[in-house]
Each structure stands twice: as structure tokens, then as C-alpha cells.
Number of protein chains: 2
Amino acid sequence: MSNNMTAQEMTERDMVAARMQTSVQVARVRDYLYGGSEGWKLHEKLVKVVSSDAIFDKSKRPFMTRKERYERAINMTNRLYELQDIHSWSNDETAVALNIIDEEVPMHLHFATFEPVFMDQCGPELRHKYGDLIMNRGIQGCYLQTELGHGTNVGSLETTARYLPETKEFEIHSPTLTSSKWWVGSLGKTSTHGVVQAKLIMPDGRDMGPHLFFVQLRSLEDHTPIPGITLGDIGPKAMGGYCGVDNGFARFDQLRIPRENMLSEYSRVTEDGQYVKPVHPKISYGGVCYIHSELEKGAWVIGKASTVSIRYCTVRRQSNQDNDGLEQQVISYPSVHFRLLPVLSHAYAFILIGRDLKKRLSVFSARLATGDTSTVQEMHIATSMLKILVASMGAQDIETVRRSMGGHGFSEFAALGRYYADWLPVATYEGDNYVLDIQVVRAALKWYRALQASEHPTASSLPPSSAYLRLLLPEFSTITGSTPAWLDPMVSINLLERRAAVMVENRALHEKDPDASMDNRVSRAAAEAYFATKIGALIENLSRSLPPQEVAVGLLALVESGIGDILSFSLLPSADGEDATRGLRMAIKQICAELLPEAIGLTDAFGFTDWELDSALGVFDGNVYEHLWAKAQTEPLNATEVTEGYEASIKPMLQRGQRIVASSKAKL
Amino acid sequence: MSNNMTAQEMTERDMVAARMQTSVQVARVRDYLYGGSEGWKLHEKLVKVVSSDAIFDKSKRPFMTRKERYERAINMTNRLYELQDIHSWSNDETAVALNIIDEEVPMHLHFATFEPVFMDQCGPELRHKYGDLIMNRGIQGCYLQTELGHGTNVGSLETTARYLPETKEFEIHSPTLTSSKWWVGSLGKTSTHGVVQAKLIMPDGRDMGPHLFFVQLRSLEDHTPIPGITLGDIGPKAMGGYCGVDNGFARFDQLRIPRENMLSEYSRVTEDGQYVKPVHPKISYGGVCYIHSELEKGAWVIGKASTVSIRYCTVRRQSNQDNDGLEQQVISYPSVHFRLLPVLSHAYAFILIGRDLKKRLSVFSARLATGDTSTVQEMHIATSMLKILVASMGAQDIETVRRSMGGHGFSEFAALGRYYADWLPVATYEGDNYVLDIQVVRAALKWYRALQASEHPTASSLPPSSAYLRLLLPEFSTITGSTPAWLDPMVSINLLERRAAVMVENRALHEKDPDASMDNRVSRAAAEAYFATKIGALIENLSRSLPPQEVAVGLLALVESGIGDILSFSLLPSADGEDATRGLRMAIKQICAELLPEAIGLTDAFGFTDWELDSALGVFDGNVYEHLWAKAQTEPLNATEVTEGYEASIKPMLQRGQRIVASSKAKL
């Protein structure tokens, strides 16, 4: 290579060179990530259809108002179902296409929250009447839980559903401002129907707590709101996130609905107003499915962030000169690649764990169908732990790689800001993660106590989500004092499990007086232990296709990010004045350096097209500067040479200043 | 209090009750924060003028396009100078008003980057010709450094300024696409002039490295670009940040400018093409001023974020019931307030340190004026360390408190998302913090080696920014093995200094082979040690006005966030199986509980009006739900009952689904 080349000419060469040096069999890994070559081919086919259709064009998106973004979102959704007709896609294929369109649309919420809740809990009559319509989007639905004054704590919801035996109806009512349903996706301007969480009030005034009711919101004739309901959109979201979705509000003014519209799979009210108790507790299969869809979404968005940042840092050159007299590729700096590579590893881990979870979900659902609820609690805790991780790691990873990209990472055209803003609500909109933290800690303590109480405690008595507690048993208690062999993934996995175990033990010790962050840290430790073991279980499969460092670097980064607790509980040998973590960090440095030549291959294996990434800095050919330049030319401010505000705002300002100077000079 | 009150009615009562219990003398603290009652009165007066002027109205801001936001920004700027005329404000008063308008506007960049660079380096002739015009905004300027292909590494900039002795001109040229100036604030559509960083090329072809040139960009007659320059806006920024600023690009096509337009305070080119070397190196007084303005901006935005979140969490009630049978105030949960209160403490610390820095700046500038450059290096390092901290802590603090607010924190109307997006570029747009990290580490190592090399090393030989290194001297080396008395701020300060000292020592030990994050961690440790000692120096002043916990909680949170390194270097006594950090964390819990009753008083003392915060959740009266409801009604999507896309997009989708169901039923 010659250093007479311009920086721009270098970019494409750098990308070609990076692809030359990778030993990853990109096509093979890609097929693996998509669950086989069939999966990849379907994805590729759908991307082709969608990306060549003008309705899904993204070029004007950065300049649109929210209203335009919403209108684009519903237009895209309608077009998607037209395409389903045209190409005879199955519902599953259409669901894949819906993920490809690269926009959060109201229809996502129909499938992600409304439909599973309805189908789980509606009971046979409502299913018969509305099931087909819902599956075919003849009606569009939403799930109304959160209120202005209350989030996840459903016990405190204020909306009421009073049974009126005289007319055999429920009266849905919002007694206060704070009882207004709020944040409900697809409610604002789109949905025709909804499932409403409301306190069931019996004719004698008894409050039976929250139940679900199927409510028509808008006319199927002309889409006007049903009288008795005030509906609207709650306004834009922070940082432009979820721009295309009409999160909405609803206030009910003594709205009557027929008795049959109570979702009655688990409990119901008879015509004469008797409450029939559920035979067994409600099972949130829908909730677990929802977490799965978030996990999958998170995994792929981390993959996108990682692709964009690794590609850009491969072609961006800055500061120190390398052997050719050129500035070094930014990715060659240890301070950069030690941040980027763990993120790449997280994407792989979450994609594979997500696929594994999907398989387990079908087993789980088959069991539920036979009435076997024995694994409900375990499924809930295991998926909650994964949700905690993907929500927080996803947000942190996207921001980390965005900042690693330097100044251009702050351009809208880099795409990372959009990925971040659209991902953020996962950590909050279903109630913040504190709630999940507490559930995870409670479950961990339950198993810890069971272990304590057992006369012959065994590792096999523990469910997978709490398997790390086995390390508290005498036969597992040895910690070697020697320096850990960091390059062996089992060392990291064991350390993460041990940390979780001693932290749960410590949490039990201080049951009545934990410190303020303890539950959060215990939950995180438990989740990471579980995550690490899941990765461990996947290693054997992976080793055939992936460089072993790809897994190890993610695990080591987990250990590093949790080093405070690891050291605090003396789980690492101390180093006598020397930095006790140096061995760990040097291992990360080494492993990153080894993995570096594979980085481009591993991101290529995600199979993203430029259209899917929609990032000027993440383009496949590495020609980032030309793309950034071209994008800037589309900015509407550039449509006129002299800006429209010139006469009104700039000219008077300049002239005022010039007058002041002229008059003070005249005085001299 | 009765639990028959609605959640909404409770909000105002909760806020009144919180104000009743605070013992902080709000007015006294507020005056202190504003540098005396004069400062506060000026601020109050300017807020009144600005907030009652329709031009500065914010109610439509959340719904505007970027083009509208830009036009609003320049319109506001023009109005501000009209107001200056009307009210005869001084330039200092106008600068305060410019910070109050709550929008990043192009004119900020004129003052923050263009003017100080020009005034520092222009030399007498350019100053005579343009100084008054610049001070009075008769011309509007920008500072063109960053290029598409290069950021902070000015040595690699590609733009050239070739001297042509035959015409006594420089030819400014962009030889490549990547040499296009990029990201330059106020360049896109606003500025008439700029200071351009370009490599000076002598007639014999010698490259003298980067120098500064004063270039007219647009006509003062009609604002059209000067022939030979391609100008434009680079497009929107991530997450909607910096929306009103026209960060721009410029490409020069052999543009001629007169020889006199080289900024020649430090070096120049004679008519016949001889290079006159600088007598002493360039002094970036402007750079230090700029950091001060960022520090101040950061301090107050952390204050805003802290005010909004503490107010909202005071009136929001959720989950567990308290003694009155009401749900608990969210702020009463240790897991919430242990996050919010350190952020409040950071705001205080940065405001006070910013004021201290301002005083030191005038001393510094007076010294410079006499040619005394002895403190330049120390000033650069000390301010760089503060910049590293305020940039990263600011971003993290705003996100932390946003997430502590739960779901509503993700609403645009909460304001936290806007604070975050507008703050983010500070961490990146001047080159990422890696560059500063390396400078800080280099300076620390220099002083460490000087200490090592000295025969009689003394603490007093160290500058304030490296004073922590004294702890490596024998007379400071004792570490007590006893449990730290965490409630004493000196314990935290000493621990943070000791961490920095041993890390610098360790960094020197591994000079050739640091781990990948070492420089980042050493820099952070040094910065936090300096920050902590600055806080320590302010404690005595503070103790008269502020509860002592206000300072202590911020310091303890710093210790906690750096616990990994503190433990790794064995700076805390180990706890023999117990959590070694429990003492620290329980101290934080205790001190937070003690500080909690003062939280509302301490946020009130920032003196923000509802107009300034522009957050439905941060309103003074606590009536958050009504404000959120009212804001939602202003969403343009709610202007029509049936959304405009209904006929085109929603209706066909529903009808398609209904047809499918009807036809499959017909077949049965």
C-alpha cells in the first residue's frame, strides 16, 4: 500500500484487506445464525422484496416530523400485508418481514402484546368470535395496562369494571385523571379494539382485583372513537425513539360492554353476578413470548451496532503512524477494540440464546396445553434474567460503540443514535427493571433456603436458573489460589457463578438490611451467571464455526465489568501491591488482539445489507466518507443556497452589529 | 393525610410536605450558587424577560422539524440582540441571557470557539480591522478545524494554504473529499466568516504544519457563498441533539485570500514568502475558556436533571404501602434515592468548581498578558481533567436519573431525553476523550518521574493537578488497617487520591505494556482525585449553608463507582468472606436517608422556573399528571379525531383481514 493514496481511497482498500485476512467461513456462520440456510435464504428474499419497494424507502426518514413518521409506519404496515397477498407469504414469513422493515410500527404491538394476551386468556367464546379477525388483522388491537398514575404494579390500577346484573354488562370507567390508560402502543390513533386491565367490581361492591376485558375502541365503519372513550396519542418519546408508534391514552366514561367481553379463560362472572374463581393461576405464556421477541430484537440490534462500529473503525485512520507511514486504523488501538469486540460477542451470545429459548418455548407451550404448569416459575425467572441483561447490556453496548466511533458517531447518519433511542424503552416501558430485579432475588433466595433446609442438598435439585447455588455445597467449595487460566472460558463461567452464589448467600445473611444497590447487583450477578452457563452450553456447537476467542472475550468482559463484586468477595487471589486484575485485563487484551483479524468476517456473517443498517458509516464497501457526503446533500436546509431565515433573522443581526461599529467609529 | 385522596390530589400535597420538612435555607443557598444575590437577581430578571417573550416560546418545539428548529434558533438569536438594545444589557448580561434561552444556537459557537481563537491569535492588524465587528456580531464567525477525514489530530489535516508571493495571497484549497471541513458549528447556513485551520505551504513547497487563516465565507450583501467555497449543513445529529445548530461543511476550491488574513500573533509569512517563526508557542487561552463554559453548562444541566427527577420521584407513588395505607413515594426507596442524591451532589460540586475555575481564569489571563506562560501546562491538564469528568459524569447522570423515573422518563415531555442528547456531543465532538486521557496520563507520569528522580522529593513540588502523587512519598505511606470512617469526607478524598497515586505508579511500572483500559482508568482516577480535593477545599465554605451529607454522598458515590480499582490495589481492608464494600455501601445508604428530607430544598435552590426546565414531570407545584395530560393534548396527531392515514392505510388493512375471515367462513 502506498501512502500517496487519499484517505478516501484507503477506505475501500482497508475493507478489502480486512475481508482477505478473516478466516471465518462467513456463509457457514451466517447460516448458523439464521438457524440454517433456509432461514438465511428466507431473510435474504424478504429483504430484497422490501428494500426494493418505494414504500419502505428510508432516505427521507431523518427529516420527517413525528406525524409523517406515524403515517409512514401505517402505510408501510398496510403495504406489508398487500405484499403478503401478492407473494402468498405465510403468517410466519410476514412476521419475519415485519422485523425487516426497520421501523417500530403500531402493528408490532398487536402481535407482541395484544394477541398473545387475548389468545391466552379470552376463553372459548371470545376466541370463536374474534380469534380469526385478530389473527388476520381484521381488527387491530392493543393491550391497555399502564395508567398515567401506575405502571407495573397492577394491584394499584384504578380503572374499574363494575358488573351490572340488570343489563348483564360491565361498566368500564376511569374514575380519576391518573386512571387514564397511558403509554399503550397502537392505542393513540390506530387500534379498533383493546384488552383493558381493570379492577372487577362486583354488584355488592367487592373489589376482585385486576381482570381483563375486551373493549371496542373505534368504529369499524369510520374509525371514530366509540362514544364514552376519550382517545389520543401521548406525544413524542425521548430522543426521537419509537417515533412511528402511536403510544396513546384512553379515558373511559362509564362505558358499557357485554358480560361476554370479560376474558374468561381463568375466571368469569355469571349472568347473575357470581364470581367464578380461576381453577389455576393465570399463566403468562404471552409474557414469556414477548420477552423472547425482545431478546431477539436486542440481539440483532447489538449485531447492527457492532457491524457499523467495527466497519467504520476498520476504515477510519487516526493519529499514530503505522509501518506504512499511514495513520493507524482506529480499530487497531487496544483502547478501541477492547470495547468493540465484547459487544460483537454479546450479539452472538444473545442471538444463539434467543434461538435456544425459542425451541424451549415450544416445549413449554406444549406442556401448558396439557395443563402442566410445573415449569412456569422457572421459565418466568429464566426469561426475566435474560430480559434484564439484554435490556441493560443492549443500551450500554450501543452507546459504548457509538462513542468509540468519535465525532461522526454523533451524526444521525451514523444510525447508532437511532438504534439507541429505539432500544431504550425496553428497559423501562414495561416498568423499570427494579421490579424484575426483586423477582429474581426472591427466587434466588427461595432456592438458597431450600438448599439450606435440605438434609441432603444436591446440585440436581436446583433449576437451571439457580444452578450456580450448587457452588455453595461443600463438594464445590474449593477455590484454587493460583492465577486463573483466563483463556479457558470455564474459568470465567465458574467465577461468574461463584460470584452469584456468594452474593445470594450474603443477601440472605443481611436479609433485613441490604445496602441500597444489593438487589440490583445480586440480580445482575444471578443473570450473568445464568447467561454465562448458557454460553458455556453453546460452546461446543460454536467451536466448529467460530474462533474460540469470540466466546471468551464476551465472558471475560462480563467478569471485568463485575470485578467490584468479585474482588469484594475475595474471589480472586490478591496480588500484593500489584494490580490484582492485571492478569484478567492482559488476557482480554491478548484475546482481543487474536480475535481482531476475524472482526470483519464475524460482522459480515450477520448478513446485513446496507439498506438494513441504513448507516453511512457502516456501509459494506467501507466507502464511508462518500456516503456521509452524499447523505449531507439530502438535508432540507441545503435545498436553498441562502437560508430562508436570512432576511428575517440573520441580516438584521449583522446589520445591527455593523451599525454599532460604524457609529462608534464615526464618534472617533 | 387521607388515603381517600386521588393520586393526582396527593401530588401537590406531597410537594408541599417535602418543602415543609427541608431545613435548607433555599434563598441563601441559591444566592451562593449564583455567586451572590446580584447574580441571582440578574438571572431572575433575564428569565422573566425571555420567558414572557413569544419568540422564545417552547410549546411547539417537540413537534418541529430540524429546519424549523434552526429557523427558530436564529430568530431567537436575533431577538436576543434586539432585547439587548431595548433593555441596554451589557455584553456580559447578554451572554447570561443566551444561556437562559434553553436552546443550542449557532451564535453560541461564535462566542465559544470563533471569537476566542480569533482574538488570541489574530495579531494587531486583523484585530484592528475586524475585532469590533466580531464583538458586536457585525459579522458572524465559526472555527473550521475538524475535517471529514480527521478530528483532533491537527497534524493530519489536509486543507492547504499555499502562499503565492506573486499576488501576495494564500490559496486555501481542499485537495480531497476527506479534507472537507465538517461538523463546524454555525458554518452550515449562518456564518459570514471563519477561522480555517490549514497546512501552510511555502512557495518552495515546504509544509509548515497547521496554521490559522481568516476567511470570508458568505457575502455581506446577500449571504450567498463566496465563489470557490461549497458550503452546507451536515444534516441532523443523533437523538435530535443540537437540533438548532447548523453544523456544516466547507470545501475550498483554490480560494484566494490576502496575505494579511493569516492569523499572525505567533507566526507569519512575509510579503516575499519568508516564514517568521513563533517566538513562543501558541497558547490556547480560548481552549481553556471553552472548557470552562462547558463545565458550567454541564453543571447546570446536571442540576436540571436532578431537579426534574427528584421532584417527580417525590410525588410519584408506587408499589409498597406506607404507614398511611398509601403507596410509597418512589423517592423513599433506597434503590431510587441512592441513585438520585449523588447526582444532586455532582451538580453542586460542578457549579462551585466552575465558579472557582472562573476566578482562576482571570488570574491566568492576566499572567498570560504579561507573557508569563508558566502555568499554561498545569491549567491545560487541570481543566482537561475536569472536562473528562463533567462530560462522562454528565451523560451518565442524566441517563441514570431518567431511568430512575420509570416509564414516564421516556416521554419527550419529561425533558431528560433532550438534556441528554444536547449534552452528548461534549464527550465527542471535540475529539473523543481518549485524546485527553492520554494527555492526562502523560502529565501524571511526568510528575511521577520527577518525584522519583528528585533527591529530596517533597509534596510541595507537585502542582495541584498531581498533588495526589505525594501519597507515594514515605511520610504519607501509612494505610490504617481499620474500618474507614466513611462519614468523614476526608476518608473518601484520601482514598481517591491514594487510588490515583498507586495507579500512576503501576502505569509507570508497565510503561511498555499497559492493559487496554489502563490509560482510561488512570486518567479517570487522576481526574477524580483532583475533583475530590477541589470539593474538599470547598467544604469549609459549604458547611455554613449546606447539609454536610450533600458533599459526602457525592464523594462516597465516586468511591463506590471506582471500587474495582480500589479493591484491586488492596486499598480497602478485606473482610474475610464478608462483602468488603458493605461498610461503604451501608454508609451511602445511611447518608442518603439523612439527606433525603433536604432533597427538594436543595433542588429548589437551583432556582429553575418551570419555563426553564420545560418538563411536565419537573413542575414546581408537583402537579405532574395534569401537566403530562395537558402536554399530550398538544400533540399534532391529536388535531384530528380520525387520523389522516386512516383511509389510505388503516382501512384497507382492516378490510383485507375482514375479507379473509368472511371468505373462509363462507367456505365452511
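How many residue pairs are in polar contact across the interface of chain B and chain A? In this predicted model, the count is 54 residue pairs, with both partners at pLDDT 80 or more. Helix α21 of chain B, residues 646–667, gives the most to the side that touches chain A. Its share is 12 residues. By class, the residues on this side of chain B divide into 55 nonpolar, 52 polar and 39 charged.

The extent of the interface was examined next. The size of an interface is often given as the accessible area lost when the parts come together. Between chain B and chain A, the buried area is about 12800 Å². Carbon and sulfur atoms give 60% of that area. Three residues of chain B stand out: B:Met239, B:Phe410 and B:Trp629. Together they supply 7% of the area that chain B buries against chain A, more than any other three residues. In terms of contacts, 146 residues of chain B meet 146 residues of chain A.

Charged pairs were also counted. Over all chains, the whole structure holds 92 salt bridges. Between chain B and chain A the count is 12. One salt bridge joins the side chains of A:Glu635 and B:Arg66, with an N to O distance of 2.9 Å. Another joins B:Asp513 and A:Lys589, at 3.3 Å from N to O. This second pair crosses between chains. B:Asp513 sits in the loop between α13 (489–509) and α14 (518–543) of chain B. Its partner, A:Lys589, lies in helix α17 of chain A, residues 582–595.

A search of the whole structure finds eight cavities of 30 Å³ or more. The second largest cavity has a volume of about 80 Å³. Three helices of chain A each supply at least two residues of its lining: α9 (334–369), α14 (518–543) and α15 (548–561). The largest share comes from α9(A), with four residues. Among the residues that line this cavity are A:Ser345, A:Tyr348, A:Ala349 and A:Leu352. The lining also includes A:Ile535, A:Leu538 and A:Leu542. A:Leu546, A:Glu550 and A:Val551 line the cavity too. By class, the lining has eight nonpolar residues, one polar residue and one charged residue.

Methods: Residues are numbered from 1 along each chain as its sequence is written. Chains are lettered from A and ligands numbered from 1 in the order in which they are written. This is a predicted model: local features need pLDDT of at least 70, side-chain atom pairs count only at pLDDT 80 or more; totals for chains, interfaces and linings use all residues. Side-chain values use heavy atoms; hydrogens and water are left out. On a 1 Å grid over the protein atoms alone, a cavity is a set of points where a 1.4 Å probe fits but cannot get out, and a pocket is an open set with protein on both sides within 12 Å along at least five of seven lines; lining residues have an atom within 4 Å of a point. Grid points are joined across faces, edges and corners, and a volume is the space filled by probe spheres set on the points. Ala, Val, Leu, Ile, Met, Phe, Trp, Tyr, Cys and Pro count as nonpolar, Asp, Glu, Lys and Arg as charged, and the others, Gly among them, as polar. Contact means heavy atoms within 4.5 Å. Buried area is the accessible area (1.4 Å probe) that two parts lose on being put together, summed over both. A salt bridge is a side-chain nitrogen of Lys or Arg within 4 Å of a carboxyl oxygen of Asp or Glu. A polar contact is a pair of N or O atoms within 3.5 Å; within protein, one must be able to donate a hydrogen and the other to accept it, and residues adjacent in sequence count only if both atoms are side-chain atoms.
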